Amino acid sequence: MSSPQFCLPDPVAQWPWPRMLNAHYQAAKSESDNWLRDFEALDAKSQRAFDFCDFPLLSSLGYPLLDKDGLRVACDLMVLFFIYDEFTDNLDGDGARAYANLVMDVLRNPHKERPQGESILGEITRQFWLRAITVASKSAQERFIVSFGGYVHAVIDEASDRTRGHIRGIADYLELRRLTSGAYASFFSVELGLDIPGEVMTHPALESLRSLAAESTVLTNDLYSFNNEQAAGHGGHNVITVVMNEKGVDLDGALTWVGEYHEAILSRFRAQRHMLPSWGPGMDVVVNAFLERLACWIRGHDCWSFESGRYFGSKGPEIKEHRLVALLPRVERPGVTPMMARSTVQPNTLMR
């Protein structure tokens, strides 16, 4: 008997920004992958999962306009997300808080040598940040520390939800998920090489556009990761499960709701982009460049979901065309509740 199937909506079908691949992909991938391997931070299984996902491809599709130095930083940031996720994914709130405190201390004190016996996560964070601050403006650095802090502390709340088996409502979930996805922190790479002062970036118009792009990131990730997560019992922190739970609909109903909501998010992004105030001719050019890059991220993130092995293995390209996915059976493990089960596919990092 064949497995039941479901059909993925395609919210970016009308997105006008085309697929682009950064010209420095291969060089940045080689450098960043070798950098991670030198730490020997992953066991063989996790290293295979990392290689399979090809996060440098995500950076190269998501940030196609960065120069080589900027792309290398973007690739290393994806490494940091992956490692942080690996180290915290099975922890409770207290365990996640200890790692959060560690990485935030490193970001605030990058020139301080890390103490003997500390988790290798500290040195990975330090080396990433020392490289990043050479290509990022001061204002971008300040925003990253705030946004990465939001990410690591939101992971504490996610860990607490996982321990309690708690499923949030839609609005509450999306508010937390914009943080746990690392979307705002990933926008640090969008603005590398650009100098946008805080008073411009925090204008309500730009805040709204960044929030819409973050929500798109969440919806794309949750849509494509749902099958693996539900099979492994990780589905509680996924918008599909949240919608089914709150709306009282089945899987098809939740997929329809998420697809329509995502299309509305992208329509709002396109409309609001043309209603920005002016900060003067020079700054307007910089802001428009930032928003162009943000739009490229939305397209690139969707493309990577099918071009890497992250969610669909080798079947990604064909699934992208026909949108049909076989529903995976739930893996039952004695003594493990669905919310506690560990995925056999590595959970998302920027995109849990």
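1. Helix H11 passes helix H13 in a left-handed crossing, a crossing being called left-handed if the near helix is turned anticlockwise from the far one by less than a right angle, and right-handed if clockwise. This is a predicted model, in which local features need pLDDT of at least 70 and side-chain atom pairs count only at pLDDT 80 or more, whereas totals for chains, interfaces and linings use all residues. Residues are numbered from 1 along each chain as its sequence is written, and side-chain values use heavy atoms, with hydrogens and water left out.

2. The axes of H11 (residues 204-232) and H13 come within 10 Å and cross at roughly 155 degrees, which makes H11 roughly antiparallel to H13. Axes here are lines fitted to C-alpha atoms, for helices over the stretch in contact, with angles running from 0 to 180 degrees between N-to-C directions; angles under 35 degrees count as roughly parallel, over 145 as roughly antiparallel, 65 to 115 as roughly perpendicular and the rest as oblique. The residues of H11 that meet H13 include Leu 209, Leu 212, Leu 219 and Phe 226, and among their counterparts in H13 are Leu 255, Tyr 261, His 262 and Phe 269, contact meaning heavy atoms within 4.5 Å. The helices themselves are DSSP runs (H or I, at least four residues), numbered from the N terminus.

3. H13 (residues 251-273) also packs with H12 (residues 239-247), at an angle of about 110 degrees and with the axes 9 Å apart, so that H12 is roughly perpendicular to H13. On the H12 side the contact is made by Val 239, Ile 240, Val 243, Met 244 and Lys 247, and on the H13 side by Leu 251, Ala 254, Leu 255, Trp 257 and Val 258. Here H12 passes H13 in a right-handed crossing.

4. For H7 and H8 (residues 170-180), the axes come within 7 Å and cross at roughly 125 degrees; the two helices are therefore oblique to each other. H7 passes H8 in a left-handed crossing, and the residues of H7 that meet Leu 176, Leu 179 and Thr 180 in H8 include Asp 157, Glu 158 and Asp 161.

5. Helix H6 (residues 120-132) has 13 residues and reaches 18 Å from its first C-alpha to its last, close to the expected 18 Å, the expected span being 1.5 Å times one less than the number of residues. Among its buried residues are Glu 123, Arg 126, Phe 128 and Trp 129, where buried means under 20% relative accessible area, exposed over 50% and partly exposed in between (1.4 Å probe, protein chains only). The buried residues of H6 pack against H1 (25-39), H4 (68-88), H5 (93-108), H7 (138-164) and H9 (183-190).

6. Helix H14 (residues 281-307), with its 27 residues, spans 38 Å between its first and last C-alpha, close to the expected 39 Å. Because 19 of the 27 residues are buried, H14 is largely enclosed by the rest of the structure.

7. Ala 100 lies in helix H5 and is buried, with a relative accessible area of 0%. Not counting residues up to four places away in sequence, Ala 100 touches Tyr 84, Val 152, His 153 and Ile 156.

8. The structure holds zero disulfides, a disulfide being a pair of cysteine sulfur atoms within 2.5 Å. For Cys 7, the nearest cysteine sulfur, that of Cys 303, is 18 Å away, and Cys 7 counts as partly exposed at 43% relative accessibility. For Cys 75, the nearest cysteine sulfur belongs to Cys 53, 14 Å away, and Cys 75 is buried, with a relative accessible area of 2%.
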